[in-house]
Amino acid sequence: MLLLVGGGTAVGIGLLKQQPAPPAPRPAGSLTSHASSAAPSPSGPATPVGDKPIRPVELQIPSIGVRSRLTVVGLNPDGTLAVPKPGKDYDKAAWFNGSPTPGQIGPAVIEGHVDGKVNGPSVFYRLGSLKPGRRVDVRRADGSQVHFVVYAVRLYPKNAFPTQTVYGNTTRPELRLITCGGPYDKKRQGGGYPDNVVVFAYRT
Amino acid sequence: MNRITRAALAAPAMGLVGVLALGGPAFAADGSVQAQLSQLNGSGASGTSMVTVSGTTITVNLAARGLVADQPHAAHIHFGADARHECPTMADDTDKNGHLNTTEGGPAYGPVVVSLTKTGDTSAKSVLAIDRYDTANGGKISYERGSITVSQEVADAISNGQAVVVVHGVDYNHDGKYSGTAKSDLDPKLPTEATDPAICGVLSASQMGAMPNGGAATGDGSTTGIEYAGLIAAGSIALLTGAALVSRRRLVPTRR
């Protein structure tokens with residue numbers, strides 16, 4: 001009987017603590033990694049007035065419970081985007097210092113891990129479930145806030161990443177939020193996730 | 001061409017002028033420039049182009065869709081010191097026939113300085129080397145060529161946002177090929193459909209200070225698969241053993 005209770009408890013804890021795989025962008029039907037290579041069409045009012053560069057310090061996405069101090073990343077020697085390293089900044093979102101600052105005209109790039117060995121789900125674990133129309137707020141070093149609204153959430157294969165669509169010039173201040181996605185395969189070279197989730201937002 | 005069509009043609013071109021006006025200060029340096037390619041002559045096509053400049057060597061990427069399918073499309077980089085460094089509008093239709101031919105676009109974008117051929121010469125001499133340009137399978141072109149040598153003046157013009165990418169080839173009579181009695185302003189042996197511009201965009205400086213190579217490696221997969229496999233397995237064995245013992249006990253009383 002002791003075995004029954006103990007075993008049941010162990011299985012229960014094991015299953016309860018089991019973290020589901022990160023959510024994929026929805027509606028999933030039209031957003032499979034191969035059908036979504038087309039550029040999302042920006043919509044909403046254009047506000048083609050850019051700010052001077054002011055360093056971003058905090059990111060908030062209320063609808064998926066994200067609130068993170070921002071760290072800064074650059075490029076790796078091979079030209080790929082660096083990511084927050086294991087340690088105290090691993091679970092923070094990171095602004096890419098080769099992109100415009102949020103509020104400047106152009107595609108400001110903020111990335112974050114989807115998960116990690118130490119804490120499991122990371123800052124952008126739920127990014128794939130973000131919906132068009134939701135708010136994204138960035139606080140800057142001078143205390144000012146920039147408000148963005150999501151206009152597209154896309155899943156792109158890493159081996160056919162649409163550089164121009166994601167990093168190309170824009171006519172207004174925009175934001176790109178990037179994390180990993182797609183079915184995980186630990187044997188895959190260069191990281192087990194085959195895709196990137198990319199959120200497109202514009203300044204309101 | 002009626003007035004509505006003219007207005008529709010002028011709109012994207014004016015949009016490009018707007019984008020230009022928003023561009024940052026001119027600079028001459030190594031780096032990358034890019035263009036959104038918008039339709040001319042009602043082609044319905046669109047595209048993007050990125051040019052990386054390193055000294056007097058350039059690498060060109062060009063992707064387009066909606067072009068006349070399965071036909072060759074000449075593509076060039078244009079620049080003229082006295083050109084407007086823009087895409088033409090219907091105001092450049094000097095013969096007022098409702099179509100912009102390549103010559104009429106000259107005051108906007110200048111002469112050809114680079115021929116975006118797949119192989120061989122890339123100078124202006126190859127402007128009409130139709131057999132060495134990409135054919136648009138299904139209306140799409142995906143072009144990349146590196147190690148293209150240009151003059152210092154052209155390299156500077158590209159870096160300064162003064163060069164224009166133009167892809168040619170339209171199908172006014174919708175018969176799926178280059179045809180019609182109107183002859184090309186560049187070569188009277190070709191129909192004008194083969195050489196009239198289809199898409200155009202000004203190469204302007206990237207808003208990115210540095211362009212990442214691809215996406216981001218932002219996850220280690222720790223939340224996928226079964227994380228507590230050991231605990232679940234051990235628990236399951238205990239559970240099964242316990243269940244077996246219970247059922248044995250139950251069997252005994254029923255015998256009584």
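## Cysteines

In this predicted model, Cys180(A) has a relative accessible area of 3% and is therefore buried, the cut-off being under 20%. Over all chains, a search of the whole structure finds one disulfide. That disulfide is formed by Cys87(B) and Cys200(B), with 2.0 Å between their sulfur atoms. The angle about the S-S bond is -95°, and the link of Cys87(B) and Cys200(B) is left-handed.

## Aromatic cluster in chain A

Six aromatic pairs are found over all chains in a search of the whole structure. One of them is Tyr156(A) with Phe161(A), an edge-to-face pair with 6.2 Å from centre to centre and 80° between the planes. Tyr156(A) and Phe161(A) are both buried.

Tyr156(A) also pairs with Phe200(A): the ring centres are 6.5 Å apart and the planes stand at 85°, which makes this pair edge-to-face because the angle is over 60 degrees. This pair connects distant parts of the chain, 44 residues apart, with Tyr156(A) in strand S8 (residues 145-157) and Phe200(A) in strand S10 (residues 195-203) of chain A. The relative accessible area of Tyr156(A) is 1%, so this residue is buried; Phe200(A), at 1% relative accessibility, is buried too.

Ring pairs join Tyr156(A), Phe161(A) and Phe200(A) with Tyr151(A), Tyr167(A) and Tyr202(A) in a cluster. Tyr151(A), a member of this cluster, has Arg172(A) over the face of its ring, at 5.5 Å from the ring centre.

## His78(B) and its surroundings

His78(B) is part of strand S4 of chain B. Its relative accessibility is 1%, so His78(B) counts as buried. A polar atom of the His78(B) side chain lies 2.9 Å from the backbone oxygen of Gly110(B).

Beyond neighbours within four places in sequence, the contacts of His78(B) include a run of residues made up of Tyr109(B), Gly110(B), Pro111(B), Val112(B) and Val113(B). His78(B) is also in contact with Gln162(B), Ala163(B), Val164(B), Val166(B) and His168(B).

## Lys177(B) in a loop

Lys177(B) is located in the loop between strand S7 (164-168) and helix H4 (192-195) of chain B. With a relative accessible area of 46%, Lys177(B) is partly exposed.

Residues up to four places away in sequence aside, Lys177(B) touches Gln71(B), Asp171(B) and Glu193(B). The C-alpha atoms of Lys177(B) and Ala194(B) are 8.6 Å apart in space, and the two residues are 17 apart in sequence.

## Confidence in chain B

The average pLDDT of chain B is 82, and 75% of its residues score at least 70. Residues 1-28 of chain B have pLDDT below 50, and the model gives this stretch 34 contacts beyond near neighbours in sequence.

Over residues 245-256 of chain B, pLDDT also stays under 50. Here the model has three contacts beyond four places in sequence. Where pLDDT is low, predicted coordinates should not be read in detail.

Terms used:
Residues are numbered from 1 along each chain as its sequence is written. Chains are lettered from A and ligands numbered from 1 in the order in which they are written. Side-chain values use heavy atoms; hydrogens and water are left out. A disulfide is a pair of cysteine sulfur atoms within 2.5 Å. Buried means under 20% relative accessible area, exposed over 50%, partly exposed in between (1.4 Å probe, protein chains only). Helices (H or I, at least four residues) and strands (E, at least two) are DSSP runs, numbered from the N terminus. A polar contact is a pair of N or O atoms within 3.5 Å; within protein, one must be able to donate a hydrogen and the other to accept it, and residues adjacent in sequence count only if both atoms are side-chain atoms. Contact means heavy atoms within 4.5 Å. pLDDT is the predictor's confidence in each residue, from 0 to 100. Rings of Phe, Tyr and Trp (its six-membered ring) pair if their centres lie within 6.5 Å; planes under 30 degrees apart count as stacked, over 60 as edge-to-face and the rest as tilted. A charge sits over a ring if NZ of Lys or CZ of Arg is within 6 Å of the ring centre and within 35 degrees of the ring normal.
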